[in-house]
Amino acid sequence: QACTLPVTWSTTHVVVACAALRASYSILVQAAAGGVGLVAVEYGQWLCAVSMGTAGRPLKHSQLRAKGTAVLCSSRDGAAFAMGMTRLVDAARSHAVLNSLSLDFIAASFAVLSNRGALEEIG
């Protein structure tokens, strides 16, 4: 398991660099309770960015809240995610999306991006 740490940190570093994430920006991390997702949330906090995320189970939601994730939605239902994220980020769209989900989540992820935002696909 320890041999995967450099891969998750390297992946996150490249994604954050490509998205030009910095202080006061926001990042939406799909599957935020996974390996790359947890690192991306931590990396975002290190940069003083606002972290938003998706997770499948209520237990994972509570773990992400404890880590400082500001906004959480379900990663189980694409339509519910789209409606929830649009309502929550209507005033301030996300500067970056780290996506590892498919189908409805891709279109919904584009919908919450700011005009000059970056969608980084890793899945």
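Modeller: From the N terminus on, the elements run α-β-α-β-α-β-α-β-α-β, which gives 5 helices and 5 strands; these are DSSP runs, with helices being H or I of at least four residues and strands E of at least two, numbered from the N terminus. The model is predicted, so local features need pLDDT of at least 70 and side-chain atom pairs count only at pLDDT 80 or more, while totals for chains, interfaces and linings use all residues. Residues are numbered from 1 along each chain as its sequence is written, and side-chain values use heavy atoms, with hydrogens and water left out.

Of the 123 residues, 41% count as buried, meaning under 20% relative accessible area with a 1.4 Å probe, protein chains only. A nonpolar core is a set of buried Ala, Val, Leu, Ile, Met, Phe, Trp, Tyr and Cys residues joined through side-chain atoms within 4.5 Å. The largest such core has 19 residues, of which Leu21, Val29 and Leu98 touch the most other members. Helix H1 (5-19), strand S1 (26-29), helix H2 (35-46) and strand S4 (94-99) each supply at least two residues of this core, and the largest share, 4 residues, comes from H2.

Apart from this core lies another, of 12 residues, among them Leu28, Val71, Phe105 and Val112. Leu28 lies in strand S1 and is buried, with a relative accessible area of 0%. Its contacts (heavy atoms within 4.5 Å) include Met52, Phe81, Ala96 and Val112, not counting residues up to four places away in sequence. Leu28 and Ala96 are 68 residues apart in sequence and 6.3 Å apart in space, C-alpha to C-alpha.

Key: Buried means under 20% relative accessible area, exposed over 50%, partly exposed in between (1.4 Å probe, protein chains only).
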